[in-house]
Amino acid sequence: GGHSLGAWSGAHLSQRLSEWGYRVEMLVTLDPVGSGLLVRLGSRIPYHRPAPRSHCWINVRAEPGRSNASDLVAQLGRKWHAAGEPDIDEALDTNHANAWALFCNPLHDGRSAADHMFESIVGLLRG
C-alpha cells in the first residue's frame with residue numbers, strides 16, 4: 001500500500017504480484033493519485049488505471065472541510081476515485097498530505113486502516 005502516488009504504484013504492484021502467483025493479503029491505499037497529465041510528464045510510473053488484486057482492499061480518501069496546497073497538488077495529479085471497488089472505501093476530513101491521519105484515524109467501524117492491517121497480520125501469524 002501507500003499514499004498519494006505511492007498508493008497508485010502499490011495498486012499496480014498488487015496486480016503484478018498476483019499475476020506472478022503471489023497472494024496479496026491486504027492493500028491499503030491512502031488518497032491515491034496518478035492519472036493526471038503532470039504525473040505522466042514527470043514520472044515513469046504507469047498512468048493507466050490499476051486493477052488491484054488483494055484479499056482485502058482498504059481505500060481512504062482525503063475530503064477536507066478546509067483545503068490546503070496539498071489538496072490542489074492531489075487534484076492536479078488526478079485523484080483516483082475507486083468507488084465500488086475497494087472492500088472498505090471511506091473519506092476522512094483531512095488534507096491530502098496528512099498520511100498519518102488517513103492511516104491512523106478511525107473509520108466507520110471505529111478501527112483505522114492501521115488497525116485493520118495489524119489485525120490481518122496477527123491473524124496470519126496465528127494461522
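This briefing walks through the fold, the charged pairs, the cysteines and the surface of the structure above. The model is predicted, so please read every value below as computed from that model. The protein chain has 5 helices and 4 strands, and along the sequence they follow the pattern β-α-β-α-β-α-β-α-α. Of its 127 residues, 43% count as buried.

**Sheet and helix packing**

- The 4 strands form an open sheet in the order β1-β2-β3-β4, and their pairing is parallel.
- At the edges of this sheet sit β1 (2-3) and β4 (88-92), each of which pairs on one side only.
- Strand β1 runs parallel to β2 (residues 26-30), and 2 bridges join the two.
- Helix α5 (residues 113-126) lies across β2, β3 (56-62) and β4. Relative to β2, helix α5 runs at about 165°.

**Salt bridges: the overall picture**

- Side chains of opposite charge can pair when their charged atoms come close.
- In this model the count comes to 8 salt bridges, and three of them are described below, beginning with the pair of E19 and R53.

**Salt bridges: E19 and R53**

- E19 forms a salt bridge with R53, and their closest N and O atoms are 3.9 Å apart. That distance falls inside the 4 Å cut-off, so the pair counts.

**Salt bridges: K79 and D31**

- K79 forms a salt bridge with D31, with 3.1 Å between the closest N and O atoms.
- Here K79 comes from the loop between α3 (69-77) and β4, and D31 from the loop between β2 and α2, so the pair ties together parts that are 48 residues apart in sequence.
- K79 is buried, and D31 is buried too.

- The side chains of R61 and E63 meet in a salt bridge with an N to O distance of 2.4 Å.
- E63 is partly exposed, at a relative accessible area of 46%.
- Salt bridges with shared partners also join R16, E19 and R53 into one network.

**Cysteines**

- The count of disulfides comes to 0.
- C56 has a relative accessible area of 18%, which is under the 20% limit, so C56 counts as buried.
- C104 counts as partly exposed, because its 26% relative accessibility lies between the 20% and 50% limits.

**Contacts and surface**

- Among contacts between residues at least 6 apart in sequence, 78% join residues that are at least 24 apart.
- The protein chain exposes about 7,400 Å², and carbon and sulfur atoms supply 55% of that area.

Key: Residues are numbered from 1 along each chain as its sequence is written. This is a predicted model: local features need pLDDT of at least 70, side-chain atom pairs count only at pLDDT 80 or more; totals for chains, interfaces and linings use all residues. Side-chain values use heavy atoms; hydrogens and water are left out. Two strands pair if DSSP finds at least two bridges between them. Contact means heavy atoms within 4.5 Å. Axes are lines fitted to C-alpha atoms, for helices over the stretch in contact, and angles run from 0 to 180 degrees between N-to-C directions. Buried means under 20% relative accessible area, exposed over 50%, partly exposed in between (1.4 Å probe, protein chains only). A disulfide is a pair of cysteine sulfur atoms within 2.5 Å. Accessible areas come from the Shrake-Rupley method with a 1.4 Å probe; for residues, only the protein chains shown count as cover.
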